[in-house]
Amino acid sequence: MSGKRIRPLGTPREVRVSMNTEGTPTAVVVGRRTRRVSTVRERWRIDDEWWRTPLARDYAVGVLDDGRPLTLYRDLVEGGWWVQGEEG
Amino acid sequence: MRSIRTRAAALPSSPLEPGSGPARARERTGQGTGRGSRSALCLWLPTFELRLELVRSPALDSTSVALLSSEGGTRRTLWQVSERAAEAGVRPGQLVSQAVSLCPALTLLEPDPAHYDAAQDALLEVLSVLTPVVEPAGRGRIFLGMDGLGRLYGSPRHQVRRVLSALFRVLPAPLVAATRAGLAPGRFAAWVAAAGALAGEPVIVPEDALRPFLAGRPVSALPVDETVLERLDRLGVRTLGELLRIPAPALVAQFGEQGARARAWAAGERIDPVRPWHRPRPVRATLDFPVPVGQVETLHGALDRLLERALAKSERRGRSVAAARVVGRLEGGGSWMVEAVLRDPSGHREALAFVLRTRMGLAPPPRAVETLTVEFYHFGPPADQGALFDRKDDAGRELSEGEIPYSLRSAVRELKLRLGHSPLYRVVEVDPMSRIPERRHALLSFDP
């Protein structure tokens, strides 16, 4: 496949997130604006690739105050919050 | 310069009618709204196009001259005629064969629309320096909004004089001298004033004299259907004053909504303000032929190429095209032009090509074309790009799996020419069952 270029899709990007005492996101900085997370619809956790570079993420699908869904995860190995795509 | 007869018997069609293409396109796209100017100055240069031809060829001034209509075909008719030709019985709308038999010495001129449009554009340019509210109503007829200009230019008479003197910058003196001017409240009254004015003697109608002024003017000035005017004529109604003597309910009963509007205009109760004309910067693409081209197929091929190029231009900014024209510079001088106002603004080459080809078929270029230009001059809302992914070819055949639509292929080719590479990507599955979202799919460059 000469001349063809491949690019990743859905690469997570780091964001700043405020959370409550239970660790649930309550606000997220999107661009230059801080958006309130109205509700968290779903949460799940993945632990994978323990045999090479361990990967552990705590996922949350939140709904922003303007109605947009946002998929976030907290990196449990490196730390920090990341947003993964802007659809649920 | 000799005086020249106008095409219509009484007054030409009113500029208030939504007749001209750009005006219609503007109405549809919602441009040009706002309060506008109540005080209106109408400048009118009758037989603008023929006068421009006579300025270009002064030797013709003392001969019988007629300008041909742009509609092609074997039975061509006359568009405008000089007074000397009119004295020999030649009339606008006559067949060429009839006109030549009446006046064997008649000189026939092909219209040069590009030249006329350039002159009109120059006029608009000069006038827009004097007032920001300029509204063209066809070639040779322009409305100016004069509200608030008294402190700049003085009394109404001084304002008109100031405007007329500005015309010297772009028109030769005989044409300025022949320009009629009417200043009145609203476009209708200003047009009636200009149409009734003598060359060099502007008619100024103050607010309180509007009704008596209109009362003596012919009903043919009303911007209503020809059938309404014919019926009024049969009823013996000649002037706007006579129209007002008919009771309003009777007028509405006879002519419906048009009757009510006609009465409001005649009474000076309806004042149409001059609206500032919004002219978006046109998008053009031009092709110079190595040798003049007369073959229709070659011109159609060139039209397709030019449409593609014009649609791909960044200054279109994704807007759909509401009106387009094709202009050709002809072998041996002169120009030819067809215009199309689209019922549904489109950003698709095929849709635009279909309409313009139809117009070209109705009015083909009279001689071989040296240079062809496509110009988009009115725009609609942003065009959707659904056609890029249309799974049918030009003949309507469904494309099989793996076949790339022509429109998408040509879009990629255009992008590669501009950027050096294709910036389009196709989504491909990498590990669709992965628990880690960013590993499920990837983007692969798309370069068919």
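Reader: What should I know about the model before we start?
Author: It is predicted, so local features need pLDDT of at least 70, side-chain atom pairs count only at pLDDT 80 or more, and totals for chains, interfaces and linings use all residues. Residues are numbered from 1 along each chain as its sequence is written, while chains are lettered from A and ligands numbered from 1 in the order in which they are written.

Reader: Why is Glu207(B) called partly exposed?
Author: A residue is buried if 20 or more other C-beta atoms, placed from the backbone, lie within 10 Å of its own, exposed if 12 or fewer, and partly exposed in between. Glu207(B) has 13 within 10 Å, so it is partly exposed. You will find Glu207(B) in the loop between strand 8 (203-204) and helix 10 (210-215) of chain B; helices (H or I, at least four residues) and strands (E, at least two) are DSSP runs, numbered from the N terminus.

Reader: How do you know that the length of helix 17 of chain B agrees with its residue count?
Author: The expected span is 1.5 Å times one less than the number of residues. For the 14 residues of helix 17 (406-419) of chain B that should give 20 Å, and the end C-alpha atoms are 20 Å apart, so the two agree. Gly420(B), with a positive phi near 90°, follows this helix.

Reader: How many residues of chain B are in contact with chain A, and of what classes?
Author: By that contact rule, 12 residues of chain B touch 14 of chain A. The largest share of the chain B side, 5 residues, comes from strand 14 of chain B. That side has 7 nonpolar, 2 polar and 3 charged residues, where Ala, Val, Leu, Ile, Met, Phe, Trp, Tyr, Cys and Pro count as nonpolar, Asp, Glu, Lys and Arg as charged, and the others, Gly among them, as polar.

Terms used. Contact = placed C-beta atoms within 7 Å.
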